[in-house]
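Subject: Structure handover

Hello,

The structure we discussed is below, and my notes follow it. Please read the cut-offs along with the values.

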Amino acid sequence: EGRRDQCEVPRDPKYPDCAGKVEWMRARWTSDPCYAFFGVDGTECSFLIYLSEVEWFCPPLPWRNRTVAVPSPPPPPRAQAAFRRDLARLLELIGTGKESLSFMKKRIRHLGQQWLRAARRLEQKLAGRQRDQKHILIHIGFLTEESGDVFSPRVLKGGPLGEMVQWADILAALFMLGHSLRVTVSLKELQSHLGVPPGRGNCPLTSPLPFDLVYTDYHGLQQMKQHMGLSFKKYRCRVRVIDTFGTEPAYNHEEYATLRGYRTNWGYWNLQPTQFMTMFPHTPDNSFMGFVSEELNQTERQLIKANKVSSMAVVYGKEASIWKGKEKFLAILNKYMEIHGTVYYETQRPPEVPAFVKNHGLLPQHEFQQLLRKAKLFIGFGFPYEGPAPLEAIANGCVFLQARFNPPHSSLNHEFFRGKPTSREVSSQHPYAEDFIGKPHVWTVDYNNSEEFEAAIKTIMRTQVDPYLPYEYTCEGMLERIHAYIQHQDFCTTPSLPPSPKTKSPAMQSPPSPLALSPNSTHLVWSPSAGQGPQAWPPVASLQVWVSEPQHTCTETCRRHGLVCEPTFFRFLNKEEVFLQLSIACDSTEYEMNHLYPAVAEAVRECYLQKEPLLFSCAGYNPKYRRLCPCRDFRQGQVALCRDCL
């Protein structure tokens, strides 16, 4: 264009990285074909055009006749989401070609009537409320060939199906809620849906991301990061990561995890911790996604109660290794009950399973359910952790007996959790069953004490229990929860934090605290005089501030008061005056990066506030500190939502 002379590198303080990026381009523009795709040809002008128009490191060049920025027309009104009446279209969307996809489709078909009934009930509950239809990409990363899809071949061999159960239910719920979905299980499809330019993934996407939300897992997150260039940072607020065991804030913050020794294979993504969604509500720092278990109608419940065999037990676990070294318990159990197993084998019976056990081999879901309907006892031998089967057993009228772990298993002392981005202490094989369901449906005993073990079996045989399924694991419970998340969770607009003291001028008076002491002076609540408060979700009226004991996490502290820790509320109590209101004496107050703050070290009267909002954490304790904990109420049977959250 005869403008070569005008391609000097501009010196503009608003674009401090420009010169460095031009230098990088000179040396490396051939390292990825995507640069040439965007018109880079080795000339200075092409570098500057690329860096100002495709990426955003350099100022726009004055001589480029870019269309004058006309105010863009307001976006057309969004289509409204309408509850779906039929699942056929979803089954088409999921596609074919993998055992795991057939497994998921079979499950969706099997639960079809329950999903349709649940959608009708939720529709009545919401009484015509407006809901925008979202464009959603579902990319199941662990099923892609590139992540070494180890699951599909194991579907037929008793491999872990928990993740697939959950993904099938997520697909069904998003579809029933009326959103527009795209499903991918290959890297190629992912790249074409995202609009990745040809090359090695160093350039931004060719056009704005066409999805409002992307549901994926850790494998998919890694793939997106590799192929989206700068666009990953721009759009990561739209991602939701399905993460079975949970990711705590200390492991998610890259710099902090590196400094403090919290680095693992999975953490340090610097996402908002609530963008991670778990299988059970064990990590309040994350969102609880869950899955569903089949609900029984009245006739089925009566039938089950009539046909229970009080001396029949089924052992949890399809892999022979789980039975190793369990001869002692099996011998005791065999004195009272007929023991059934569902251990996978090809030709010979696995030697780990004693001869007195009736082993059915791997059963299809339907036959496994028939077995649970007859059995009185479903017994766990410590592994697998936190799977769906115990909930199915309890829903079919079994009692679940499991081992208490003493000391609790965690990433510090146990191979299975090592490297997982959580410090959670797991007190039994299925903590949700222990804490949220409990007796008479769930017995957690010390297996090292054979008297206690034997006494539990005798009592269980005499105890009458009804089939039980917590509301949050019904189709309606899951639809209600996902509906609430989609309506209210927004990680792309950040809530304004109160200014930290560094920026306050002495003349600025901080507004009066919206928190007030509770009538019995034990904790703080949202003050009625503060009005509705900011547009927060969950609504601030559900907030209570409690001070932890030195040995307790905020998760534990809230639970002891019959509440749940709510990390989004930390920003309201990260203030000096909150210590005063709770009559905590501070000789000094520091702002620091620490996942235990806000907290007080009582022995030395030092108070600490949180400097990095990504580190607000319900998890974590240190005997030195008492922590300020944001708690909220919750709906009976739906711990993810506060009473006024719908």
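A residue is called buried under 20% relative accessible area, exposed over 50% and partly exposed in between, with a 1.4 Å probe and protein chains only. By that rule His523 is buried, because its relative accessible area is 9%.

Before the rest, the conventions. The model is predicted, so local features need pLDDT of at least 70 and side-chain atom pairs count only at pLDDT 80 or more, while totals for chains, interfaces and linings use all residues. Residues are numbered from 1 along each chain as its sequence is written, and side-chain values use heavy atoms, with hydrogens and water left out.

Surroundings of His523

His523 sits in the loop between strand 14 (515–517) and strand 15 (524–526). Helices (H or I, at least four residues) and strands (E, at least two) are DSSP runs numbered from the N terminus. The side chain of His523 makes a polar contact of 3.4 Å with that of Gln544. Such a contact is a pair of N or O atoms within 3.5 Å; within protein, one must be able to donate a hydrogen and the other to accept it, and residues adjacent in sequence count only if both atoms are side-chain atoms. Neighbours within four places in sequence aside, His523 is in contact (heavy atoms within 4.5 Å) with Ala516, Leu517, Ser518, Gln544, Val545, Trp546 and Leu582.

Aromatic pairs

Searching the whole structure gives 39 aromatic pairs. Rings of Phe, Tyr and Trp (its six-membered ring) pair if their centres lie within 6.5 Å; planes under 30 degrees apart are stacked, over 60 edge-to-face, and the rest tilted. Tyr256 and Tyr262 are stacked, because their ring centres are 6.1 Å apart and their planes are at 10°. Tyr256 is buried at 1% relative accessibility, whereas Tyr262 is partly exposed at 22%.

Phe383 and Phe416 form an edge-to-face pair, because their planes are at 75°, with ring centres 5.4 Å apart. This pair links distant parts of the chain, 33 residues apart: Phe383 is in the loop between strand 10 (375–379) and helix 17 (389–395), and Phe416 in the loop between strand 11 (399–409) and strand 12 (426–428). Phe383 is partly exposed at 35% relative accessible area, and Phe416 is partly exposed at 26%.

Two arginines lie over ring faces: Arg84 over Phe175, at 4.3 Å from the ring centre, and Arg263 over Tyr268, at 3.9 Å. The criterion is NZ of Lys or CZ of Arg within 6 Å of the ring centre and within 35 degrees of the ring normal.

Helix 3

Helix 3 (residues 44–53) is largely enclosed by the rest of the structure, because eight of its 10 residues are buried. Among them are Cys45, Phe47, Leu48 and Tyr50. Their cover includes helix 1 (18–28) and helix 2 (33–37).

Whole chain

The protein chain has 23 helices and 21 strands. Its radius of gyration is 28 Å, close to the 26 Å that the globule rule gives for 646 residues, so the chain is as compact as a globular protein of that length. That radius is taken over C-alpha atoms, and the rule is 2.2 Å times the number of residues to the power 0.38. The C-alpha trace spans about 90 × 65 × 50 Å along its principal axes. Of the 646 residues, 53% are buried.

Regards
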